[in-house]
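Hi,

Here is the structure I promised to pass on. Have a look at it first, and my notes follow below.

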Amino acid sequence: MKRTELKRKTPLKAKTPIKRGGSQLKRTQIKPKPAAKAVRKASKKSSPNAGLEALNKQARLRDGDTCVMCGLVVIDRLSNVHHRRNRGAGGSRAANVISNLLTLCGTPVSGCHGDVTLRPAEIHAERYGWKLPTNGKQDPATVPVLVAWLGWALPTADGEWLPVEVAP
Ligand SMILES: [Zn+2]
């Protein structure tokens, strides 16, 4: 008996090419989901960046929209929030906590954000707590930060600055 050949009803479509570039930008621009959806999804495994925008808002609120490094008031996008320990190298989840976030002026290539990203050694970013070693294990809430309007302070886990004494 002759076998019937499998037929496709529609021809195979060409694969959509993967868009390159701008993927990092997109990640920071995830729109918040409506509350009901967010609650329903809360129990499911969420992406490492889920809730990041809310955290960024919390950091901006804590800092009064002011650059922690120079005291300049930041009026533009929420993306002016810097991760003291970056989100790479499997550290995504640990990096997304309020104590790890600082409001900084500029972009990753300009202003204070640019300085801490591009020339951290020159500006002693680790000494001043603006940057944490990528592979370090410290809880960011335990590493003091030199804050433009406060001096040395600890970024608490619940989103406050706690002024502290740091030996010179
Ligand atoms: Zn600044």
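How many helices and strands does the chain have? There are 5 helices and 5 strands, where helices (H or I, at least four residues) and strands (E, at least two) are DSSP runs numbered from the N terminus. Along the sequence they come in the order α-α-α-β-α-β-α-β-β-β.

Two points on how to read this. Residues are numbered from 1 along each chain as its sequence is written. The model is predicted, so local features need pLDDT of at least 70 and side-chain atom pairs count only at pLDDT 80 or more, while totals for chains, interfaces and linings use all residues.

Confidence

The pLDDT (the predictor's confidence in each residue, from 0 to 100) averages 78 for the chain, and 65% of the residues score at least 70. Over residues 20-45 the pLDDT is below 50, and this stretch has 9 contacts in the model beyond near neighbours in sequence. Two residues are in contact if their C-beta atoms, placed from the backbone, lie within 7 Å. Where pLDDT is low, the predicted coordinates should not be read in detail.

Burial and the core

Of the 168 residues, 24% count as buried. A residue is buried if 20 or more other C-beta atoms lie within 10 Å of its own, exposed if 12 or fewer, and partly exposed in between, with C-beta atoms placed from the backbone. Among contacts between residues at least 6 apart in sequence, 46% join residues at least 24 apart.

The largest nonpolar core has 19 residues. By nonpolar core I mean a set of buried Ala, Val, Leu, Ile, Met, Phe, Trp, Tyr and Cys residues joined through C-beta atoms within 7 Å. Cys67, Val68, Leu102 and Leu104 have the most contacts inside this core. Two or more residues each come from helix 3, strand 2 (101-103), helix 5 and strand 3, and helix 3 gives the largest share, 3 residues. Leaving aside neighbours within four places in sequence, Val68 touches Asp63, Leu102, Thr103, Leu104, Val145, Val147 and Ala148.

In helix 5, the buried residues are Cys112, His113, Asp115, Val116 and Thr117; strand 1 is part of what covers them.

Strand 3 and strand 4 (residues 151-155) pair in the antiparallel sense over 3 bridges; strands count as paired if DSSP finds at least two bridges between them. They form a hairpin with 3 residues between them, and Val145 has Ala153 of strand 4 as its bridge partner. Strand 4 also runs antiparallel to strand 5 (residues 161-163), again through 3 bridges, with Ala153 opposite Pro163. This second hairpin has 5 residues between its strands, and Gly159 in the turn has a positive phi of about 85 degrees.

Loop residues to look at

Which residue has a positive phi of about 55 degrees although it is not a glycine? That is Asp65, in the loop between helix 3 (52-62) and strand 1 (81-83). Asp65 counts as partly exposed because it has 16 C-beta neighbours inside 10 Å. His124 also has a positive phi, near 55 degrees, and is found in the loop between helix 5 (111-118) and strand 3 (145-147). With 12 C-beta neighbours inside 10 Å, His124 counts as exposed.

Thr142 lies in the loop between helix 5 and strand 3, and counts as exposed because it has 10 C-beta neighbours inside 10 Å. Thr142 and Ser99 are 43 residues apart in sequence and 8.7 Å apart in space, C-alpha to C-alpha.

Best wishes
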